[in-house]
Amino acid sequence: MRILILPNEDGTPLHATRNLVQEARDAYDLARTIFKREANVKLISYGSHPRVEVLDVKPPKAALEPRCRNPFSDGFGEAAWFYLANKQYSVSTIFLGNGAPISAFIVRAIENDTKVGCSPGAVSDTIVVSLRGLTIPNSDDVGPTTIASTTLAHEIGHSCGLNYMAFQEHSDKKNNLMFHSQGTRGTNLNRLQVAGLRNSRFVTYL
Ligand SMILES: [Zn+2]
């Protein structure tokens, strides 16, 4: 996957004082720890790119403050075009259809800051995480990574089809990564979720 941090409309940093690159790296590392421990899936950065990058563009407000209702379903609005133009593409995806890269965009706010992360659709390769979503600590005891937010890992889960194979968007178990509520969420995955994750088009076997 790749994490791409948007600047403001005028190209200035999305946040004046926070080190968003480090925060995003922490969220990535937590996701990597979770998927390795729970599903033996190794989260990797695509190609030789760094796992986190600040985009050198001037994004439209629509991309900085997206709505979470599937932005791709109400036509290709400004936000959707921006994400399409800037996401990571994979040549092999066209032929194999698996091991596709997921692009996570760090944005200013989602749905007027009522949401902290969004994966538009069950199997989208594009997810968004807000500034607030990067800093919500998880309550699970996973050692030194406890301070990082599970929002990114949770949205990656949605991208990989979790928790849809159980015919519900979210798990009702508090210790589960796919539990709805932020902060009180754990980092566990059950056997069905592991099976679903490992069969996702974003997971490949080399
Ligand atoms: Zn969710």
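# Close-up views of a predicted model

The structure holds one disulfide. The model is a predicted one.

**View 1. A disulfide joins Cys68 and Cys118.** The two sulfur atoms sit 2.1 Å apart. The link is right-handed, with 105° about the S-S bond. Distant parts of the chain are linked by this pair, whose members are 50 residues apart. Cys68 belongs to the loop between helix H2 (61-64) and helix H3 (78-86). Cys118 belongs to strand S4 (residues 117-118). Cys68 is buried, at 11% relative accessible area. Cys118 is buried too, at 4%. Another cysteine, Cys160, has a relative accessible area of 9% and is also buried.

View 2. Six helices and five strands make up its secondary structure. Along the sequence they follow the pattern β-α-β-α-α-α-β-β-β-α-α. The chain has 206 residues, and 50% of them are buried. Take the contacts with a separation of 6 or more: 63% of them are between residues 24 or more positions apart. The accessible surface comes to about 10,000 Å². Carbon and sulfur atoms account for 55% of that surface.

**View 3. Three histidines hold the zinc ion.** Its protein donors are the NE2 atoms of His154, His158 and His170. Along the chain, the donors follow the spacing H-x3-H-x11-H. His154 and His158 both belong to helix H5. They are four residues apart there, about one turn of the helix. Are His154 and His158 buried or exposed? Both are buried.

**View 4. The largest nonpolar core has 51 residues.** Met1, Ile3, Phe35, Leu152 and Ile156 touch the most other members. Several elements give two or more residues to this core, including strand S1 (2-5), strand S3 (103-107), strand S5 (126-130) and helix H6 (191-198). Helix H5 (151-159) is also one of these elements. Which element gives the largest share of this core? H1 does, with nine residues.

**View 5. Ile156 has Met1 and Phe35 among its contacts.** Leave aside residues up to four places away in sequence. Ile156 then touches Met1, Ala31, Phe35, Leu43, Ile102 and Ile127.

**View 6. Arg132 and Asp113 meet in a salt bridge.** Their side chains come to 3.3 Å, N to O. Arg132 lies in the loop between S5 and H5, and Asp113 in the loop between S3 and S4, so the bridge ties together parts that are 19 residues apart in sequence. Arg132 is partly exposed, with a relative accessible area of 35%. Asp113 is partly exposed as well, at 31% relative accessibility.

**View 7. Glu9, Lys61, Glu65 and Arg108 form one network.** Salt bridges that share partners join these four residues. One of the bridges pairs the side chains of Glu65 and Lys61, at 3.3 Å from N to O. Glu65 is partly exposed, with a relative accessible area of 31%.

**View 8. Arg37 pairs with Glu38.** How many salt bridges does the structure hold? It holds nine. In the one between Arg37 and Glu38, the closest N and O atoms are 2.9 Å apart. Arg37 counts as partly exposed, at 40% relative accessibility.

Note on methods. Residues are numbered from 1 along each chain as its sequence is written. This is a predicted model: local features need pLDDT of at least 70, side-chain atom pairs count only at pLDDT 80 or more; totals for chains, interfaces and linings use all residues. Side-chain values use heavy atoms; hydrogens and water are left out. Buried means under 20% relative accessible area, exposed over 50%, partly exposed in between (1.4 Å probe, protein chains only). Contact means heavy atoms within 4.5 Å. Accessible areas come from the Shrake-Rupley method with a 1.4 Å probe; for residues, only the protein chains shown count as cover. A disulfide is a pair of cysteine sulfur atoms within 2.5 Å. A nonpolar core is a set of buried Ala, Val, Leu, Ile, Met, Phe, Trp, Tyr and Cys residues joined through side-chain atoms within 4.5 Å. Donors are N, O and S atoms within 2.8 Å of the metal (3.2 Å for Na, K and Ca); water is not among the atoms, so sites may look incomplete.
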